[in-house]
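Open the model in your viewer and keep the selection tool at hand. The stops below say what to select next.

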Amino acid sequence: MKDWRAKRGVYMEPGKYEFNSDETVLINEGDWLIDAGATMFLEKEVSIPDNWRNRPFGLTFLSSAKGRRTLHEGLVSINGKPHHGIDRNRSYVPFPEDVRKSEKITIHIELYNYAGQTLDELNYQNEPAEFDPPPLTLLQGSLDLVNSAVQSLLATVKCYYETAKLLPEGNIDKSTIITSLSEVERKILSEKPAALTDFSFVAEIEESLIEKLADLSDSTNGQILMVGQSHIDLAWLWPVKEAIRKCSRTFSTMSTLLEENPNFTYAQSQPQAYAFVKEHYPDIYERVKKHIADGRWEVVGGMWVEPDLNMPSGEALVRQLLYGMNFYKEEFGIKPRIEWLPDTFGYCASLPQLLKGAGIDYFMTTKMNWNDTNPFPFDLFYWEGIDGTRILSFLNHGLNEYTHPQEIQSHWDSYKQKNAHPHQMLLYGHGDGGGGVTQEMIDYVDRSASLPGLPSVVNSTAHEFFDGITEKNPALPAWVGDMYLELHRGTYTTHARNKRWNRKAEVLYRDAEIWGSVAASFAGANHDPSLEHGWKLLLFNQFHDIIPGSSIPEVYVDSESDYKEIFACGEKVRNAALQELEQQINTEGDGIPVIVFNSLSWERSETVKITGGLELAGKGAVNQDGEVLPADISQMEDGQFELSVYVPAIPEMGYKVIWLKELENIQMDKQEKAVSNWETDYYLVEWNECGEITRLYDKNLRREVVQGGALGNQFQLFHDRPMLWDAWDIDSNFAEQRAETVSLLEQSSTKGATKDIIRFKWQLGQSIVEQDMILYHHNKRIDFQTKVDWQEQHKLLKVAFPVDVMSSKATYEIPFGAVERATHTNTSWEQAQFEVCGHRFADLSEAGYGVSLLNDCKYGYDVKQNVLRLSLLRAPKWPDKGADIGLHEFTYSLFPHEGDWREAEVVKQGYELNHPALVIQATAHRGSLPNSYSFIKTEAKQTILDTVKVSEDGNGLTLRMYESSGGREQIHLSLAGQADSAYETNLLEEKQADISLQCNKLSAALKPFEVKTIVVNL
């Protein structure tokens, strides 16, 4: 095919391109096509020879670089309709029957040459095609007739030949196969080459071969169920806009293969991927919908994306399931029963309950095979979560697998539960830009039903595989608790800004939904449905290569833009709701009214901040009885004033009004000179010349908090040069590789009525650390508000608190619960957990006393012996050379307490740090609501009412709560306003059982770590 008309350009966003020129160029074989990062559009109208019609033919389009591997991808359209992808694994595009009958067709190709990524200069893990993609050249562009008889014979010969190679010498089946293949060779070589164009001649040879091999030994006692798939990363070494095009190529290719191969079955996960195709490639989407309806395109994976399963909050994981399952139901009338998470970096121990609560019966992954220390002991097992929920789980042998006899054998040999259940699933197909399953893979499957020495093979679906296990109900082992991946431990810390944005967005959306639903239900405001769009953006950015920090720079440019939209959407809804409520509240009183909102499900007392200009100077605060509240005022660096007021007893899920008025001077007392100790009603604190804590004494409980002779709040900088996976992994020997120590540059202190602030500034390596240590006068929590100008390379920064507490286990918060992990390294399993994930706190407690280390946006902890450590920042250079360089802000807190973490209600402390009370200045007016009020009153000690939202049907409120301590508890709720009825639902808000509702009050019993959802109709 000569003289392709072509245009070169750059892909900007879906549907938008910037072309180098309006003029087209002519392209022929041997011509340069495009350089890295460019897109070319090629078009050619061709006439079909009369004698080709009704015969199989297609397009061969081979673009590459001579002698070098390329990562090109393209989408081929025929007569304006997307049809099939081309990539490094496929260059031939079969044409459908209706096209083969045409006199003329127009071929259109959108061809992309991978843009490349930074070189991994630490371990040289990426290949030249990835960091230095060569220009593409057109090596072949032709229409080709297919000799289907020879193609079929070749596939049969290869399948049996490769099977024979696996059989031992002297095996009778091996000899039979070799003899039969040799006879095929003699028959073909004895004829002229033209004989191969005689389809009947070739077909007879194949039929004779199959007949002679029909009496080979039966396959081994076992069966492998073959399921095609393609794992598509929606952002990773490419931005999301490119992932959208990857979806189009893969979805169109798989559609064509399903149309060409009646026995082929295919499974695809991620509702977001389907939504991309629906929006940008409607023609492909219609093909996909038809295949789904026919039953051979299998919908799997109920979550909106395949997210990280360590860092998202419990409610975020619920929304992944809610929005994902709703999409499938609305689009296809299907709700899959398999959660499909092949590539996520470990799985939190609360996940089984959440999956079951969304109608998911089965769980599939491959990632636990990546452990770097201990092989995961099971392939087929029940995974038991922290609440006792069990889910049938399968650990697939690998990802991006082939279907050769060698793969069938290695897959079967690796299967640990074959004696209990002699049926295994093999997931085959290329992921990402590889385009999914190839015709060759299907050809092997079609010929592997019963090969000697191998298990039998059958096309199937993932649901059939799992349902078969359920039907036979074999005795299977159980794995209890965390599925901790012994790898990629650095993903809890890398790209810290994204992790901060994630936590802050989760907090914002919780508050926005609570106040939005309260305003709509109890104050007559209109419900704003726009949060669903924001939620889906937030869920997308929890994808397992975005929030872990393992993507290229362009991904984080997009992510930052997404978060700006996420925050704008959430703030709009939250602020509008608060303003609606403000108008209903009676704010009349002595002074300027300020409303303090508490979204938590318990009454709290808090030191709140009110910022403003000169109008705050000389102001204090009083409550509804005119009593003066403790307050301080200080001027910030930008000239604004900050008024800190201690507000006691703010009602749960409600508010309290205070009033600002002229009071005598309450300016905080600032001291510029350095001091080495400080005392409050709670603590005696001492530090050394470097600003590190040498003593922290709990005056009330008469306990030394920091271990004698050790240093608390010590910044520890380590060299961090992992052997592989720079952004993903932490060097396992980091603890033996201490880098620079801190040098104190400045220190000052400020004393006030609500809090005292000790301010430090340090030099640490090439970085600057500034910190306010805040000692509250009405709260035992010590906050360390920190700013870092981070300028390191391959370093890991931790903060350490060696505490005078002895325990063999530490407790870490996870989504909707907590887990205990060993503080010792007795076994290889414990040694491998040198860095683990936690959410808002980690706690070390002995009988009667403990210490918690809390944070507002961090996830990486290690607690060994008596040392609580939190990972703050990393500095990898691949795949993002500039990862984390620059300014960071975060807060971590120390909370010494009486009793263990349950008795001290540490979960609530984590909530209070992360969910500060909201403050809005109001105007004085009358209102229907009193000046102090609770919209939902809760009686519970350990059960947290985490979520209040407008129900999915729009008729009431959805209340989601969880038991946070691993105990049993009865929760009692009292709602403002008139409630008509209440019922318990699953996580998809499908009714399960009625709940008694009397005088707007309801009760519910919760088991250990149980998550419960109740819908109240108003």
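Start at the second largest pocket: select Tyr92, Gln151, Gln439, Glu440 and Asp443, which lie nearest its centre among 29 lining residues. A pocket here is an open set of points on a 1 Å grid over the protein atoms alone, where a 1.4 Å probe fits, with protein on both sides within 12 Å along at least five of seven lines; lining residues have an atom within 4 Å of a point. The model is predicted: local features need pLDDT of at least 70, side-chain atom pairs pLDDT 80 or more, while totals for chains, interfaces and linings use all residues. Residues are numbered from 1 along each chain as its sequence is written, and side-chain values use heavy atoms, without hydrogens and water.

The pocket volume is about 890 Å³, taken as the space filled by probe spheres set on the points. Colour the lining by class: 11 nonpolar, 10 polar and 8 charged residues. Helix 3 gives the largest share, 6 residues.

Now select helix 3 (148–166) and helix 4 (172–189); their axes come within 9 Å and cross at roughly 145°. Axes are lines fitted to C-alpha atoms over the stretch in contact, with angles from 0 to 180 degrees between N-to-C directions. Show the contact (heavy atoms within 4.5 Å): it includes Leu153 and Tyr160 of helix 3 and Ile177 and Leu181 of helix 4.

Last, go to the open antiparallel sheet of 4 strands, order 29-30-31-32. Strands (E, at least two residues) and helices (H or I, at least four) are DSSP runs, numbered from the N terminus. Strand 31 (693–698) pairs with strand 32 over 2 bridges; pairing needs at least two. Select Tyr697 and its bridge partner, Glu704.

Conventions: Ala, Val, Leu, Ile, Met, Phe, Trp, Tyr, Cys and Pro count as nonpolar, Asp, Glu, Lys and Arg as charged, and the others, Gly among them, as polar.
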